[in-house]
Amino acid sequence: MDIVRFSERLMGMKDEVWLRHTNPWSVWTRVLTPLPLLALAIWSRAWIGGWAWVTVGVVLVWVWINPRAFSRPKTFESWSAQGVLGERVWLRHRDKVAAHHIRMAKALAYVSGLGLLPFAYGLWAYDLGFTFLGIVVISGGKMWFVDRMAWIWSDFLRDGGSLEDLAAGT
C-alpha cells in the first residue's frame, strides 16, 4: 500500500476536508508547525517525564485538526492549493500522471524519509543540530513534493481534468 493513500485513510480525508486543506493557511501551518511542536513535545520528557505522551497526543490531534481548521478558499489559484489538488490527482488518477512526475515524487518521498534519521537521533539525544537538520530535510522534501504536486495539477488541468474529477466517487 502507498504511504500517501494510507495516511489519507488514517487522517479521514474526505472530499470536503481536502477542499478545506487547500486553504494556504492550512498548508503552511501544516508544513511549519507539526515537526517543531513534535520535537518540543518529545523533548518535554526531560521536564515532565511520562506526561510528555500527553503533549505528543496534543500535537497529533493538531495534525488531524489542521486540514479541517480552515475554511475552503474562494479560489484555488495559490501555489499551495494547487499542490494539494495535485496530491488528490496523485491519489485518484495516478494513471494520468506522467512517469517523470512519479519518479520525482517517489524520490522526494525518500528524501523526506531520510530526514527522519537525524530527526529521530536529535530527539533521542536532545541534540538541537540533528533535530533541526531532520526538520529541514523532511520539510524541504515535503515542500518540493508539494511543488511537484502543483505541477501535476497544472498538467491535469491542461489535459482536460477538473476539480469534479477529484471527488471520491470518481
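## Arg158 and helix H10

Arg158 belongs to helix H10, which covers residues 128–158. The structure described here is a predicted model. With a relative accessible area of 59%, Arg158 counts as exposed, because the cut-off for that class is over 50%.

The side chain of Arg158 has a polar contact, at 3.1 Å, with the side chain of Asp155.

## Helices H8 and H9

Helix H8 spans residues 99–114 and helix H9 spans residues 116–125. Two packed helices are described by the angle between their axes and the distance between the axes. For H8 and H9, the axes come within 4 Å and cross at roughly 15°. H8 is therefore roughly parallel to H9, since angles under 35 degrees fall in that class.

On the H8 side, the contact is made by Ser112, Gly113 and Leu114. Leu116, Leu117 and Pro118 make it on the H9 side. Sorted by class, the contact of H8 with H9 has 4 nonpolar residues, 2 polar residues and no charged residues.

## Annotated transmembrane regions

An unreviewed UniProt entry lists residues 42–65, 107–124 and 130–146 under "transmembrane region". These annotations may be inferred rather than shown by experiment.

In the model, residues 42–65 are 83% helix and 0% strand, and the end C-alpha atoms of this span lie 20 Å apart. Residues 130–146 are 100% helix and 0% strand. The end C-alpha atoms of residues 130–146 are 24 Å apart.

Definitions and conventions. Residues numbered from 1 in each chain as written. Predicted model: local features only at pLDDT ≥ 70, side-chain atom pairs only at ≥ 80, totals over all residues. Heavy atoms only, no water. Axes fitted to C-alpha atoms, helices over the stretch in contact; angles between N-to-C directions. Helix = DSSP H or I, 4+ residues; strand = E, 2+ residues; numbered from the N terminus. Parallel < 35°, antiparallel > 145°, perpendicular 65-115°, else oblique. Contact = heavy atoms within 4.5 Å. Nonpolar A, V, L, I, M, F, W, Y, C, P; charged D, E, K, R; others polar. Buried < 20%, exposed > 50% of the residue type's maximum accessible area, 1.4 Å probe, protein only. Polar contact = N/O pair within 3.5 Å; in protein donor to acceptor, adjacent residues only side chain to side chain.
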